[in-house]
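Open the model in your viewer and keep the selection tool at hand. Each stop below tells you what to select and what is there.

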Amino acid sequence: MKDIVYDIPTLSDAQSRHTLAVLVDNEFGVLARVIGLFSGRGYNIESLTVAEVEHDKKRSRITIVTSGTEHVVEQIKKLLERMVPVHKVHDLTVEGAHVERELALVKVVANGEKRVEALRIADIFRARVVDSTVESFVFEITGSLEKNDAFIELIRPLGLIEICRTGIAAMSRGKQGV
């Protein structure tokens with residue numbers, strides 16, 4: 001009789017979600033190089049936002065949400081740190097408390113009672129109507145992924161036809177900065 005061997009994952013094998021803040025030079029091709037680092041190694045990017053944050057120094061901040069084992073995330077951070085246009089890499093997930101927000105635009109086509117119900121749900125979630133016609137609404141909602149997902153799932157049966165999401169913007173809490 002053969003012994004059954006179970007492969008029990010260790011703590012370091014567990015997949016976890018990480019939010020990385022990367023300060024880079026704002027120049028042609030930098031974003032493509034950062035994305036290429038992920039795709040070339042088969043790592044997934046769950047969310048990506050980028051914008052200039054220091055106009056005088058011509059620097060941008062890239063916020064990347066990815067998942068992987070502890071080893072994979074450490075490897076990603078080390079590879080990012082070695083890139084020439086990268087100035088700083090912070091793993092907000094392990095560095096302490098941080099705030100994450102996402103903006104979503106949600107278009108709903110509804111009439112009658114469904115229209116009224118969509119407005120009630122929007123009010124509960126503090127979503128704002130940013131466009132309105134006789135047949136449709138565009139709601140703007142800002143919050144955590146979980147909050148935005150919950151709003152979208154409640155609105156879906158009422159006539160949801162389109163969603164546009166910005167991706168995560170994240171910042172550490174307290175007096176330290178990136």
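Start with the aromatic rings. A search of the whole structure finds 3 aromatic pairs. Rings of Phe, Tyr and Trp (its six-membered ring) pair if their centres lie within 6.5 Å; planes under 30 degrees apart count as stacked, over 60 as edge-to-face and the rest as tilted. Select F139 and F151. These two rings are edge-to-face, at 5.9 Å centre to centre and 85 degrees between the planes. F139 belongs to strand β7 (residues 136-143) and F151 to helix α5 (residues 145-155), so the pair ties together parts that are 12 residues apart in sequence. Helices (H or I, at least four residues) and strands (E, at least two) are DSSP runs, numbered from the N terminus.

A word on what you are viewing: this is a predicted model, where local features need pLDDT of at least 70, side-chain atom pairs count only at pLDDT 80 or more, and totals for chains, interfaces and linings use all residues. Residues are numbered from 1 along each chain as its sequence is written, and side-chain values use heavy atoms, with hydrogens and water left out.

Are they buried or exposed? F139 counts as buried, because its relative accessibility is 0%. F151 is buried too, at 0% relative accessibility. The cut-offs: buried means under 20% relative accessible area, exposed over 50%, partly exposed in between (1.4 Å probe, protein chains only).

Ring pairs link F125, F137, F139 and F151 into a cluster. Next, show R115. R115 lies over the face of F137, at 4.1 Å from the ring centre. A charge sits over a ring if NZ of Lys or CZ of Arg is within 6 Å of the ring centre and within 35 degrees of the ring normal.

**Two helices**

Select helix α4 (residues 112-124) together with α5. Their axes come within 10 Å and cross at roughly 170 degrees. α4 and α5 are therefore roughly antiparallel to each other. Which residues make the contact? On α4 they are A118, I121 and A122; on α5 they are F151, L154 and I155. Contact means heavy atoms within 4.5 Å. Axes are lines fitted to C-alpha atoms, for helices over the stretch in contact, and angles run from 0 to 180 degrees between N-to-C directions. Angles under 35 degrees count as roughly parallel, over 145 as roughly antiparallel, 65 to 115 as roughly perpendicular and the rest as oblique.

**Strand β7 and its partners**

Select β7. This strand is mostly covered: 6 of its 8 residues are buried. Show strand β5 (residues 98-109) as well. β5 and β7 pair in the antiparallel sense over 8 bridges. Two strands pair if DSSP finds at least two bridges between them. Pick V109: opposite it, in β7, stands S136.

Move to strand β6 (residues 128-132). β6 and β7 run antiparallel, joined by 4 bridges. R128 has E140 of β7 as its bridge partner. A hairpin of 3 residues connects β6 to β7.

**G159**

Select G159, in the loop between α5 and β8 (160-165). Its C-alpha atom is 5.0 Å from that of V109, although the two are 50 residues apart along the chain. Not counting residues up to four places away in sequence, G159 touches K107, V108 and V109.

**The open sheet**

Colour β1 to β4. These 4 strands form an open sheet in the order β2-β3-β1-β4, with antiparallel pairing. The edge strands are β2 (45-54) and β4 (86-91), as each pairs on one side only. Neighbouring strands of this sheet are turned by 20 degrees against each other on average, direction ignored.

Zoom in on β2 and strand β3 (residues 59-68). They run antiparallel, with 8 bridges between them. E52 has S60 in β3 as its bridge partner.

**Two residues with positive phi**

Pick K58, in the loop between β2 and β3. Its phi is positive, about 55 degrees, although K58 is not a glycine. K58 is exposed, with a relative accessible area of 54%.

Then pick R126, in the loop between α4 and β6. Phi of R126 is also positive, near 60 degrees, in a residue other than glycine. R126 is exposed, with a relative accessible area of 73%.

**Last stop: S172**

Select S172 in strand β9 (residues 169-172). S172 counts as buried, at 12% relative accessibility. Leaving aside neighbours within four places in sequence, S172 is in contact with L92, A97 and H98.
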